[in-house]
Amino acid sequence: MSDKYCINLNNGFKINIELFPDKAPVTVENFKRLAGEGFYTGLCFHRVIPSFMIQGGGFFIADGQLNQKQAPAIVGEFRSNQFDNDLKHTAGTISMARTRDKNSASSQFFICVADCAYLDGEYAAFGRVLDKESLDAAVAVSRVKTGMWMNMDDVPIQPVVIESVTEIL
């Protein structure tokens, strides 16, 4: 099984990523399993912030509503949670989103579109984009027009939907 994947979006963008199982084995296995099951298909990037990140993998749109899709929680593989993960949150890093509970990550991930050193050691970074085109695509997504939707800020007005997450062989 490969550690390279392509996130295909409805706007024609592709974000190629490489995963690092040596740094976050549980997180990488979780992402690969969800991708293989088609979990991410139809979910959207529901939070996008220029000069910060794009977040997706947990919501879909149906009947004009943002609806959550839940996966089981996994352990948070980062320094402040007693894991030896020294990956930095630089532009192009993919990492797991979570609540204040350090072991609450499940399916939602984010891709940094700028350096975010303040996240280092606090979130489970587990990969990075493979090429400039992929980073450019993530940056473009971060710049789409947003608004508030169902008490959530920074939601794209025109949905940015994940069509598939496929393994790159």
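Mentor: Arg-98 lies over the face of Tyr-123, at 4.4 Å from the ring centre. A charge counts as over a ring if NZ of Lys or CZ of Arg is within 6 Å of the ring centre and within 35 degrees of the ring normal. This is a predicted model, in which local features need pLDDT of at least 70 and side-chain atom pairs count only at pLDDT 80 or more, while totals for chains, interfaces and linings use all residues. Residues are numbered from 1 along each chain as its sequence is written, and side-chain values use heavy atoms, with hydrogens and water left out.

Trainee: Which residue lies over the face of Phe-39?

Mentor: Lys-69 does, at 4.4 Å from the ring centre.

Trainee: How many aromatic pairs are there?

Mentor: Rings of Phe, Tyr and Trp (its six-membered ring) pair if their centres lie within 6.5 Å; planes under 30 degrees apart are stacked, over 60 edge-to-face, and the rest tilted. The count is nine. Phe-31 and Tyr-40 form a tilted pair, because their planes meet at 35°, with centres 5.3 Å apart. Phe-45 and Phe-109 are edge-to-face, at 5.8 Å centre to centre and 90° between the planes.

Trainee: Are Phe-45 and Phe-109 buried or exposed?

Mentor: Buried means under 20% relative accessible area, exposed over 50%, and partly exposed in between (1.4 Å probe, protein chains only). Both Phe-45 and Phe-109 are buried.
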